[in-house]
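This report walks through one protein model, with attention to its charged pairs, its sheet and its surface. Have the sequence and the structure side by side while reading.

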Amino acid sequence: MVVISRIFSRDYGRLQAAKIIRYAVRGNSSTTTQDLVQESQNNKIPEQNIEQKKAIPDRYRFIYPEFLPDPDPKYRNSLREKLERMDMIARRTHVAIPEFYVGSILAVTYSEPHAPGKVNKFVGICIERKRTGLRATCVLRNMVNNQGIEVNYELYDPAIQNIECLRLERRLDSHLRYLRDAPAEYSTFPFDMEPEYLPEGAPVPVNKIKVQLNPRPWLEKWERQELKGITELQLPERRIMKAKAAATPWEKYDLMKKYRETIPEEDQNEIFSEVYTKLHKIEITKRRQKHKRTFERPQKTE
């Protein structure tokens with residue numbers, strides 16, 4: 001439009017004006033083709049990022065769930081989450097936090113100022129795993145002197161010296177709090193338990209055991225929770241009717257509820273792409289240490 005206004009503002013001939021407009025259109029077409037080439041080159045960059053994101057294993061969201069932030073928007077802060085991820089990786093370089101799930105048996109060694117040797121060790125089954133970031137916790141349960149003991153550990157607590165997974169397995173439910181109302185045999189594990197190693201690349205086994213609960217009263221109304229790891233409960237009909245009235249079977253079809261309670265896949269890929277290289281290096285060092293054979297000096301025999 002600027003070129004046309006200049007043409008008609010001056011005393012050009014018709015033929016000369018047509019030539020000027022033609023060259024102007026050609027120049028604009030060449031610039032548009034250059035812009036299209038640049039846009040196509042710029043569009044290639046996200047494709048490479050998508051391929052790089054696809055290289056990140058999908059199992060990371062199960063192995064490292066604490067790296068995913070709280071889905072509640074009230075607690076979201078991108079800068080704080082980024083700084084927390086850096087601190088979590090720095091902590092993992094000093095203390096190896098193994099892969100474990102609800103139902104796995106762990107041995108945690110931690111500093112205790114009142115214990116002999118200033119160090120204590122607790123072995124138990126993981127009955128719950130909560131929170132995210134540096135506040136990620138796990139609850140271990142064991143029976144000590146016929147008394148149920150539960151210890152809530154913060155995974156990134158500086159007092160923790162070592163975390164070892166003695167038995168890697170999963171259960172049918174997202175928590176095992178009902179073991180508090182179960183017989184002691186389901187929560188008893190020896191403190192000198194030897195670790196059980198799975199073969200390389202084997203899937204995590206799922207323990208499909210059914211727990212028989214003690215008679216009522218219980219600490220929670222277990223009949224109102226959709227639990228697969230307990231046997232069929234013998235309840236009076238009035239309590240069954242109350243449980244059916246309080247049931248919400250339509251929630252499994254509520255897509256917005258699932259969206260609000262989870263982190264979208266795009267955000268997960270973006271988070272794990274930041275820490276993928278460092279986590280991959282930590283995994284490689286763990287494998288080398290696992291396969292490294294300790295040298296034992298032979299003793300002289302008389």
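Start with Glu 283. With a relative accessible area of 10%, Glu 283 is buried, since the cut-off for buried is under 20%. This is a predicted model, so every value here is computed from predicted coordinates. Arg 59 sits in the loop between α2 (14-54) and α3 (60-63), while Glu 283 belongs to helix α7 (residues 265-291), so the pair ties together parts that are 224 residues apart in sequence. The two partners differ in cover. Arg 59 is partly exposed, at 36% relative accessible area, whereas Glu 283 is buried.

**Overall layout**

The protein holds seven helices and five strands. Read from the N terminus, the order of elements is α-α-α-α-β-β-β-β-β-α-α-α. Of the 302 residues, 30% are buried.

**Salt bridges**

Side chains of opposite charge can pair when their charged atoms come close. The structure holds 15 salt bridges. Three of them are listed here.

| Pair | N to O distance |
|---|---|
| Arg 129 and Glu 66 | 3.0 Å |
| Glu 150 and Arg 180 | 2.8 Å |

Take the pair of Arg 129 and Glu 66, which meet through their side chains. This pair links distant parts of the chain: Arg 129 is in strand β2, Glu 66 in the loop between α3 and α4, and 63 residues separate them. Is Glu 66 buried or exposed? Glu 66 counts as buried, at 3% relative accessibility. Arg 129 counts as partly exposed, at 22%.

Next comes Glu 150 with Arg 180, their closest N and O atoms 2.8 Å apart. Salt bridges with shared partners join Glu 66, Arg 92 and Arg 129 into one group.

Look at one pairing in detail. Strand β1 (residues 105-111) runs antiparallel to strand β2 (residues 119-130), and seven bridges join them. Within this part of the sheet, Tyr 110 stands opposite Asn 120 in β2.

Strand β3 covers residues 137-144 and includes Arg 141. Arg 141 has a relative accessible area of 8%, so it is buried. Where does the side chain of Arg 141 make a polar contact? The partner is the side chain of Glu 150, at 3.0 Å. Glu 150 is the residue that also forms the salt bridge with Arg 180.

Asn 142 is found in strand β3 too. Asn 142 is buried, with a relative accessible area of 0%. The side chain of Asn 142 has two backbone contacts to note. One goes to the backbone oxygen of Val 123, at 2.6 Å. Another reaches the backbone oxygen of Phe 189, at 3.0 Å.

**A loop residue**

Glu 223 is in the loop between β5 and α5 (237-246). Why does Glu 223 count as buried? Its relative accessible area is 18%, and buried means under 20%. Glu 223 and Ala 247 are 24 residues apart in sequence, with their C-alpha atoms 9.9 Å apart in space.

Which residues make the nonpolar surface patch of about 320 Å²? They are Leu 79, Leu 83 and Met 86. Leu 83 belongs to helix α4 (residues 78-92). Leu 83 counts as partly exposed, at 45% relative accessibility.

Conventions: Residues are numbered from 1 along each chain as its sequence is written. This is a predicted model: local features need pLDDT of at least 70, side-chain atom pairs count only at pLDDT 80 or more; totals for chains, interfaces and linings use all residues. Side-chain values use heavy atoms; hydrogens and water are left out. Patches are made of residues with over 30% relative accessible area and no salt bridge: like charges are joined within 9 Å, nonpolar side chains (Val, Leu, Ile, Met, Phe, Trp, Tyr) within 5 Å. Accessible areas come from the Shrake-Rupley method with a 1.4 Å probe; for residues, only the protein chains shown count as cover. A salt bridge is a side-chain nitrogen of Lys or Arg within 4 Å of a carboxyl oxygen of Asp or Glu. Helices (H or I, at least four residues) and strands (E, at least two) are DSSP runs, numbered from the N terminus. Buried means under 20% relative accessible area, exposed over 50%, partly exposed in between (1.4 Å probe, protein chains only). Two strands pair if DSSP finds at least two bridges between them. A polar contact is a pair of N or O atoms within 3.5 Å; within protein, one must be able to donate a hydrogen and the other to accept it, and residues adjacent in sequence count only if both atoms are side-chain atoms.
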